[in-house]
Amino acid sequence: MDKNSNQTKVLESNIAVFYKVDIVVIGAGQAGLSAAYYLKKAGLVSGNGFVVLDDEFGAGGAWQHRWDSLTLQNVNGINDLPGMSFSDTVDLADKALQANVALPKYYEQYERAFNLPIIRPIKVNRVTERNGRFLVHTNGTQFNARGIINATGTWKTPYCPKYPGWELFKGLQLHTGNYKTAEEFAGKRVIIVGGGISAVQLLGEISKVAKTTWVTRRPPDFRNYEFSPELGREAVAMVDQRVREGLPPNSVVSVTGLPITPAIQWMLDRGVLERKPMFKEFTETGVRWEDGTTLDADIVFWNTGFRHSLDHLIPLQLMNEEGGITMSGQLATQVANDHRIHLTGYGPSASTIGANRAGRAAARELMDYLGL
């Protein structure tokens, strides 16, 4: 590296070498790519102006890990990245095309088209602060930045509530993130836990090849309506309000309920969606409810969601006693207590629609705050 380069080497503790940049974007999913696009469009130079760090081996973010049965026909919304349409890279008429194939292809072409400075695979282990700048500690090159746009999403942090007796159960426990195909469950006795859209969709698939029991903490909220942009905006607004108050964001389904689609109506008619309340504990061979009723199972399949992947930011002490982070800014991407940090994919920007707008807002607000 040229000694006169703005990417000045900074020695820390006489061991690691940190390269100076203005902004580090962490994550190259939809929110990260959107932020990178707007940073570059605003004139920030790739390299010493900003870099994008991604821990995947290839483009596509979490989409490359989705199950094979998730196709363009049943995926819950795909939104264009700024500056390039999804239809420019795939045939939208091919409803059988797998999302885990189509989206990585789209993201890869997008990254090349705009020559975005993405470094991969590189994992951010932690972010600390020294002398008014952020030290981004990774398993590769280290960075010293003025600002952070965190776009790590949730896929890498699956959540499974550990009920009593968890370790006693001799069957298999899986999470949504482990799912590939329903055939893996063929002939098994499967307890499916969770009341969200993914749980219902996968319950429908698995029930065709296995004996299934559906378990949720609360009764499912089925609603006979067609999901609309207006309802989506209403849900996002409610999540926006929560994070501005410092509360942990709620799931979208807790606001919108489960719309009765033809697929869900088919499951209702077959009795697949007869739900049981949450069990109390595990046994060696299955689970037990509060009233003493037991059920044997080969697999407990947790569709209990994901948590935001923010552990690398723990040293910055952003989280409050409520377990949330108080957010501010145009689209609630800005950390209220430190405007040098933006979280895209957190709260209202977790949706595919919100991610693009959040990337633009975060890029503009952070550049303005840093005087870039």
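Trainee: Let's start with Val190. What is its bridge partner in strand 17?
Mentor: That's Ile299. Keep in mind that we're looking at a predicted model.

Trainee: Okay. And how many bridges do strand 9 and strand 17 pair over?
Mentor: Four bridges, and the two run in the parallel sense. Strand 9 covers residues 189–193, and strand 17 covers residues 299–302.

Trainee: What's the strand order in the open sheet they belong to?
Mentor: Going across, you read 8-17-9-10-13. That's five strands, with parallel pairing.

Trainee: Why is one side of strand 8 and of strand 13 left without a neighbour in the sheet?
Mentor: Strand 8 (172–175) and strand 13 (275–277) stand at the edges, and each has a single partner strand, so one side of each has no neighbour there.

Trainee: How much are neighbouring strands of this sheet turned against each other?
Mentor: By 30° on average, with direction ignored.

Trainee: Which residue in strand 15 is the bridge partner of Glu281?
Mentor: Arg288. Strand 14 and strand 15 (residues 286–288) pair over two bridges.

Trainee: New topic: charge. Which residues gather in the patch of positive charge on the surface?
Mentor: Lys41, Arg357, Arg360 and Arg364.

Trainee: And which helix gives the most to that patch?
Mentor: Helix 7, residues 352–370, which puts in three residues. Arg360 is one that lies in helix 7.

Trainee: Now the backbone. Is the peptide bond from Arg120 to Pro121 cis or trans?
Mentor: Cis, with omega near -10°.

Trainee: Where does Pro121 lie?
Mentor: In the loop between strand 4 (118–119) and strand 5 (124–130).

Trainee: Last one, Asn131. What's its phi?
Mentor: Near 55°, a positive value in a residue other than glycine. You'll find Asn131 in the loop between strand 5 and strand 6 (133–138).

Note on methods
Residues are numbered from 1 along each chain as its sequence is written. This is a predicted model: local features need pLDDT of at least 70, side-chain atom pairs count only at pLDDT 80 or more; totals for chains, interfaces and linings use all residues. Side-chain values use heavy atoms; hydrogens and water are left out. Two strands pair if DSSP finds at least two bridges between them. Axes are lines fitted to C-alpha atoms, for helices over the stretch in contact, and angles run from 0 to 180 degrees between N-to-C directions. Patches are made of residues with over 30% relative accessible area and no salt bridge: like charges are joined within 9 Å, nonpolar side chains (Val, Leu, Ile, Met, Phe, Trp, Tyr) within 5 Å. Accessible areas come from the Shrake-Rupley method with a 1.4 Å probe; for residues, only the protein chains shown count as cover. A salt bridge is a side-chain nitrogen of Lys or Arg within 4 Å of a carboxyl oxygen of Asp or Glu. Lys and Arg count as positive and Asp and Glu as negative; His and the chain ends are not counted. The place of a charge is taken as NZ of Lys, CZ of Arg, CG of Asp or CD of Glu.
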